[in-house]
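Here are a few exercises to work through with the model open beside you. Try each task before reading its solution.

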Amino acid sequence: MRIDRKQLEDGVTPDRLMALWAKERGCEGERYHPLPYHLLDVAVVAEAVWDEVLTGQEREEIARRLGLSVDNARRWVCFLAGSHDVGKASVAFALNVESQRPRLQRAGFAAELMGGDLPHGVVSARALRSSLHARFDCDSLDAETMAVAVGGHHGVVPSKGELVPKPRAEGEGVWAKARDSLLELLAETLGVPRDRPRQVDFATAMWLAGFVSVVDWIGSNTEYFACAA
């Protein structure tokens, strides 16, 4: 999987993505933890849990259920875990904290009108579903199954009705490009293979939802992952 260079040339460069924030509580002054860092933090925790906590038999069973080799299943699971908070690149989340707005506006992430409340997990599910289907060529049902499992990492799985687009709250233009770019950069960094999951069933999706919840909880621990900007 390669980064879409044309997309980056259109304005959503890695430097601009670093203006997006994932965590601000516990950060001193104007410091924050950049969203790209947090996605990678959680992906790395997922790698550690896959390698050190799951048994060989468990890894083989998950790979079988995803229709992948064990190595490819590892890369996909870590990518899906890392993508959990891509929905934080949205108007409803990113501009909700006043102290974060000036930096985001300077980077071109602005909105004339606030978009109202929208859980970032729902935005993550929508962005991931679209990317899995369009960019990774996943079956539309598999894409939605995996996306809603990942979007439910805070314990509430998005319903089909919640996946209806809400442009004002999500943010269009640079916001949508940022979500796409984050997923592309994450996939490139983790080496996500062209071979993709197939026929993802309910039990596998629920395992994925639980796995993502655990690794996000660990990856959000500020004792291990301190504010980096």
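## Exercise 1: Serine 124

Task: decide whether serine 124 is buried or exposed, and find its contacts beyond the sequence neighbourhood.

Solution. Remember that you are looking at a predicted model. Serine 124 has a relative accessible area of 1%. Buried means under 20%, so serine 124 is buried. Next, locate serine 124: it sits in helix α8, residues 120–134. Finally, set aside the neighbours within four places in sequence; serine 124 then contacts Ser83, His84, Asp85, Val86 and Gly87.

## Exercise 2: The nonpolar cores

Task: find which residues have the most contacts inside the largest nonpolar core, and which helix gives the most to this core.

Solution. Start with the core itself, which has 64 residues. Leu20, Trp76, Phe79, Leu80 and Leu132 have the most contacts inside it. Helix α11, residues 174–190, gives the most to this core, with nine residues. A second, separate core has five residues, among them Ala92, Val122, Val123 and Ala169. Now zoom in on leucine 80: leaving out residues up to four places away in sequence, leucine 80 touches Leu128, Leu132, Met146, Val150 and Leu208.

## Exercise 3: Two crossing helices

Task: describe how helix α3 (residues 35–52) meets helix α5 (residues 70–82).

Solution. Begin with the axes, which come within 7 Å and cross at roughly 145°. The crossing of α3 and α5 is right-handed. Then list the partners: residues of α3 including Leu39, Val42 and Trp50 meet residues of α5 including Val70, Ala73 and Val77. Sorted by class, this contact has 10 nonpolar, one polar and three charged residues.

Terms used:
Residues are numbered from 1 along each chain as its sequence is written. This is a predicted model: local features need pLDDT of at least 70, side-chain atom pairs count only at pLDDT 80 or more; totals for chains, interfaces and linings use all residues. Side-chain values use heavy atoms; hydrogens and water are left out. A nonpolar core is a set of buried Ala, Val, Leu, Ile, Met, Phe, Trp, Tyr and Cys residues joined through side-chain atoms within 4.5 Å. Buried means under 20% relative accessible area, exposed over 50%, partly exposed in between (1.4 Å probe, protein chains only). Helices (H or I, at least four residues) and strands (E, at least two) are DSSP runs, numbered from the N terminus. Contact means heavy atoms within 4.5 Å. Axes are lines fitted to C-alpha atoms, for helices over the stretch in contact, and angles run from 0 to 180 degrees between N-to-C directions. A crossing is left-handed if the near helix is turned anticlockwise from the far one by less than a right angle, and right-handed if clockwise. Ala, Val, Leu, Ile, Met, Phe, Trp, Tyr, Cys and Pro count as nonpolar, Asp, Glu, Lys and Arg as charged, and the others, Gly among them, as polar.
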